[in-house]
Amino acid sequence: MDKEEDTREYQVLVNTEEQYSLWLAGQAIPNGWRQVGPKGQKQVCLDYVKEVWTDMRPLSVRKAMEKYQAEQAARKAAEAAGGAPAGEEGAPSAEGAEGAESSPPQTPTASGDAGATA
């Protein structure tokens with residue numbers, strides 16, 4: 001089967017999550033998208049997208065991962081400085097040590113309520 005050459009003009013769009021798409025030039029740009037890069041033959045637009053879209057993860061995912069990595073680095077730095085962050089094993093907690101050993105932890109029942117201890 002012979003392919004006919006696509007002579008239509010395209011444009012490159014990007015959304016707020018920094019995801020790219022090709023769109024036929026001259027058509028209304030959908031909400032949440034904006035035109036970037038070249039207008040022209042499909043291959044020209046595809047080449048541009050291939051060059052600039054090097055990380056396929058959405059922007060919100062990249063930001064969340066950066067935040068997580070920064071938190072992990074801060075935690076490791078705190079541990080290296082001689083103390084575990086509050087709430088972790090070996091670190092003082094906000095609840096204090098009194099009474100923690102005398103009453104067992106309450107576990108949820110089938111109804112979702114914490115079980116009562118006598």
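Student: Is Asn15 buried or exposed, and what is its relative accessible area?

Tutor: This is a predicted model, in which local features need pLDDT of at least 70, side-chain atom pairs count only at pLDDT 80 or more, and totals for chains, interfaces and linings use all residues. Residues are numbered from 1 along each chain as its sequence is written, and side-chain values use heavy atoms, leaving out hydrogens and water. Buried means under 20% relative accessible area, exposed means over 50%, and partly exposed lies in between (1.4 Å probe, protein chains only). Asn15 is therefore buried, and its relative accessible area is 14%.

Student: Which backbone nitrogen does the side chain of Asn15 reach?

Tutor: Asn15 lies in strand β1. We can look for a polar contact, a pair of N or O atoms within 3.5 Å; within protein, one must be able to donate a hydrogen and the other to accept it, and residues adjacent in sequence count only if both atoms are side-chain atoms. At 2.9 Å, the side chain of Asn15 reaches the backbone nitrogen of Glu17.

Student: What pattern does the protein chain follow along the sequence?

Tutor: Helices (H or I, at least four residues) and strands (E, at least two) are DSSP runs, numbered from the N terminus. The protein chain has two helices and three strands. Reading along the sequence gives the pattern β-β-β-α-α.

Student: In what order do the three strands form the sheet?

Tutor: Two strands pair if DSSP finds at least two bridges between them. Strand β1 (residues 10–15) is joined to β2 by five bridges and to β3 by six. Antiparallel pairing gives an open sheet, with the order β2-β1-β3.

Student: Which are the edge strands of this sheet?

Tutor: Look for strands that pair on one side only. The edge strands found that way are β2 (20–24) and β3 (33–40).

Student: How many of the six residues of β1 are buried?

Tutor: Take the two faces in turn. Tyr10, Val12 and Val14 are buried on one side, and Gln11, Leu13 and Asn15 are buried on the other. The number of buried residues in β1 is six.

Student: What is the phi of Glu18?

Tutor: Glu18 is in the loop between β1 and β2, two strands that form a hairpin with four residues between them. Most residues other than glycine have a negative phi. Glu18 goes against that pattern with a positive phi, near 60°.

Student: Which residues does Arg62 touch, not counting residues up to four places away in sequence?

Tutor: Arg62 is in helix α2, and it is buried, with a relative accessible area of 13%. A polar atom of its side chain lies 2.7 Å from the backbone oxygen of Arg57. Contact means heavy atoms within 4.5 Å. With that cut-off, Arg62 touches Glu17, Glu18, Asp55 and Arg57.

Student: How far apart are the end C-alpha atoms of helix α2?

Tutor: The expected span of a helix is 1.5 Å times one less than its number of residues. The 22 residues of α2 (residues 59–80) should therefore span 32 Å. The end C-alpha atoms agree with this, at a separation of 31 Å.
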